[in-house]
Amino acid sequence: MEPIRYGYGPNPSQYAQLYLPAEPRRAVVVIVHGGYWRARYTAELGQPAALDLAARGWACWNLEYRRAGNGGGWPGTFEDVAAGIDALAGAAVEHGLALDAVVGLGHSAGGQLAAWAAGRGGLPAGSAGADPVVPLTAVLSQAGVLDLRRAWELGLSDQAVRNFLGCGPEDEPNRFALADPMRRLPLPVPVYAFHSRQDEAVPFELSERYVAAARAAGGRAELVPVPGGHMDLIDPASPAFESVRGVLGRLDPGPS
């Protein structure tokens, strides 16, 4: 299946790939790849999931964005993720896709970005990503970095959070307040946090802490332990990814 490429800005990283089934289901899946927000990791990471899910009837919007090292970080990455998701509106009109069910599927750093995007409607006016055109209706976080402060405390991936945001939580507290999913609770949509206890790249505790905090704040969140390692969650042949498909199928069972 050859995707259709849509640009949403002048930078080479500002594009999305639309994987379009012959008979799309109701939900559209926005795939946000990970890589600890670093430029060397690209939307190629999202292609296996897009191919697998599109073969099962889900239209997939595989999103690329500027990362730290190629114009991203704060606020560029957030501006791109917001603009990239909103660009789905034009493609949806062109291909007759309904956007009443748009699921954010984000792996690792992409889990943080998907959760952030789901809360865009509550961002202060004028801030990066405010006033969404295409709101997400659910988030499936795959080993997501859902607690930026804790990730910063642990110094994960050679201080990836500082590299991404350009600061620590004490340096720019407002930046963390806007970027950290833990600070944007509760979300108006459900979050399913898939994570392996054996994950060595993003500790299980980040999803565990997020789900506990989301529930305490009155949000809808579910922790879904899965087998395997960090990358199993983006491998369509793995049991971990089968768990993701299962929840997506619950959200959108398709034709009866």
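Predicted model: local features only at pLDDT ≥ 70, side-chain atom pairs only at ≥ 80, totals over all residues.
1. Strand β4 is covered on both faces: Ala59, Trp61 and Leu63 are buried on one side, and Cys60 and Asn62 are buried on the other.

2. Which strands pair with β4, and in what sense? β2 pairs with β4 in the antiparallel sense, over 4 bridges. β3 pairs with β4 in the parallel sense, over 5 bridges. Individual residues can be followed across these pairings: Tyr19 has Cys60 of β4 as its bridge partner, and Val30 has Trp61 of β4.

3. These strands belong to an open sheet of 8 strands, in the order β1-β2-β4-β3-β5-β6-β7-β8, with mixed pairing. The edges are β1 (4–7) and β8; each has a single partner strand, so one side of each has no neighbour in the sheet. From one strand to the next the twist averages 20°.

4. Further along the order, β5 and β6 (residues 138–142) pair in the parallel sense over 5 bridges. Within this part of the sheet, Leu105 stands opposite Leu140 of β6. Helix α1 (residues 47–55) lies across β2 (15–19), β3 (28–32), β4 and β5, and runs at about 30° to β2. Helix α8 packs on the sheet and touches β7 and β8, its direction making about 155° with that of β8.

5. Just after the helix, Gly218 takes a positive phi of about 95°.

6. Thr77 is found in helix α2. Is Thr77 buried or exposed? Its relative accessibility is 0%, so Thr77 counts as buried. The side chain of Thr77 reaches two backbone atoms: the oxygen of Arg66 at 2.7 Å and the nitrogen of Gly73 at 2.8 Å. Neighbours within four places in sequence aside, Thr77 is in contact with Tyr65, Arg66, Arg67, Gly72, Leu113 and Phe164.

7. Ala115 lies in helix α4 (residues 109–118). With 3% relative accessibility, Ala115 counts as buried. If neighbours within four places in sequence are left aside, its contacts are Val139, Leu146, Pro181 and Leu187. For a sense of distance, Ala115 and Glu205 are 90 residues apart in sequence and 17 Å apart in space, C-alpha to C-alpha.

8. Some backbone angles deserve a check. As a general rule, most residues other than glycine have a negative phi, and most peptide bonds are trans. The peptide bond from Trp74 to Pro75 is cis, with omega near -5°; Pro75 lies in the loop between β4 (59–63) and α2 (76–86). The bond from Leu185 to Pro186 is also cis, with omega near -5°, and Pro186 lies in the loop between α7 (173–179) and β7.

9. Two serines have a positive phi although neither is a glycine. For Ser108 the phi is about 60°, and this residue lies in the loop between β5 (102–107) and α4. For Ser157 the phi is about 50°, and this residue lies in helix α6. Their accessibility can be read as follows: Ser108 is buried, with a relative accessible area of 2%, whereas Ser157, at 31% relative accessibility, counts as partly exposed.

How values were computed: Residues numbered from 1 in each chain as written. Heavy atoms only, no water. Helix = DSSP H or I, 4+ residues; strand = E, 2+ residues; numbered from the N terminus. Buried < 20%, exposed > 50% of the residue type's maximum accessible area, 1.4 Å probe, protein only. Contact = heavy atoms within 4.5 Å. Pairing = 2+ DSSP bridges. Axes fitted to C-alpha atoms, helices over the stretch in contact; angles between N-to-C directions. Polar contact = N/O pair within 3.5 Å; in protein donor to acceptor, adjacent residues only side chain to side chain.
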